[in-house]
Amino acid sequence: MVQAINLKALQHELCNTLCRSVEIEPHKESEIAVHLPFTGRDGDHVVLYMSMESMGWRITDKGVTLMRLSYENDLDQLFSGARKNLFETILQEAGLYEDNGEIGVITPADRLVSGLFTLVQGITRVEDMGL
């Protein structure tokens, strides 16, 4: 069955569709907002914010992930005990950081797309902690 599928055409279609679903716009003076075709548990699309740093790109959620979790959870209670360890493990495994509620990653310029996907994966895992 797979042999009958034109893999190049399929790859082309997937790439074109994904690219059409990504929107970027300026945000503040030195940031870019990237609207991605992924949704959070609340149905809102994921928007990440990028800025150039000396080491590459800083990509962050601007605190939206933890803000969304706070709508249904007491974050102090949610991130205590074993769940605190889980949160820290999620960040560590993905190479993410948390700073005053913002979850982000710093990625080399030539690994920008990988950094975006890594952050989306990480914030999805963090959002699932509220289940």
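How many helices and strands does the secondary structure of the chain come to? The answer is 5 helices and 6 strands. Please keep in mind throughout that this is a predicted model.

Let me begin with the overall layout. Read along the sequence, the elements follow the pattern α-β-β-β-β-α-α-α-β-β-α. Taken along the principal axes, the box filled by the C-alpha atoms is roughly 50 × 40 × 25 Å. The chain has 131 residues, and 33% of them count as buried. Among contacts with a separation of 6 or more, 49% come from residues 24 or more positions apart.

I turn now to the sheet. The 6 strands form an open sheet, and its order is β1-β2-β3-β4-β6-β5. The pairing is antiparallel. At the edges are β1, residues 23-27, and β5, residues 97-99, each of which pairs on one side only. From one strand to the next, the twist averages 30°. For D99, the bridge partner in β6 is E102.

In general, most residues other than glycine have a negative phi. K28, which is not a glycine, has a positive phi of about 60°. K28 lies in the loop between β1 and β2, the latter being residues 31-39, and is exposed, with a relative accessible area of 65%. The other residue is K62, where phi is again positive, near 60°. K62 is found in the loop between β4, residues 56-60, and α2, residues 64-72. With a relative accessible area of 29%, K62 is partly exposed.

How do α4 and α5 run relative to each other, parallel or antiparallel? Helix α4 covers residues 81-94 and helix α5 covers residues 112-128; they pack at an angle of about 170°, with their axes 10 Å apart. Angles over 145 degrees count as roughly antiparallel, so α4 is roughly antiparallel to α5. On the α4 side of the contact are F87, I90, E93 and A94, which meet T118, G122, R125 and V126 in α5. By class, this contact has 4 nonpolar, 2 polar and 2 charged residues.

M129 sits in the segment after α5. Is M129 buried or exposed? The relative accessible area of M129 is 4%, so this residue is buried. Leaving aside neighbours within four places in sequence, M129 is in contact with L78, F79, R83, L86, F87 and I90. M129 and L69 are 60 residues apart in sequence, yet 8.5 Å apart in space, C-alpha to C-alpha.

Finally, the cysteines. The structure holds 0 disulfides. For C15, the nearest cysteine sulfur is that of C19, 6.3 Å away. A disulfide requires sulfur atoms within 2.5 Å, and therefore C15 is in no disulfide. C19 is likewise in no disulfide, its nearest cysteine sulfur being that of C15. As for accessibility, C15 is partly exposed, with a relative accessible area of 40%, whereas C19 is exposed, at 58%.

Conventions:
Residues numbered from 1 in each chain as written. Predicted model: local features only at pLDDT ≥ 70, side-chain atom pairs only at ≥ 80, totals over all residues. Heavy atoms only, no water. Buried < 20%, exposed > 50% of the residue type's maximum accessible area, 1.4 Å probe, protein only. Axes fitted to C-alpha atoms, helices over the stretch in contact; angles between N-to-C directions. Helix = DSSP H or I, 4+ residues; strand = E, 2+ residues; numbered from the N terminus. Parallel < 35°, antiparallel > 145°, perpendicular 65-115°, else oblique. Contact = heavy atoms within 4.5 Å. Nonpolar A, V, L, I, M, F, W, Y, C, P; charged D, E, K, R; others polar. Pairing = 2+ DSSP bridges.
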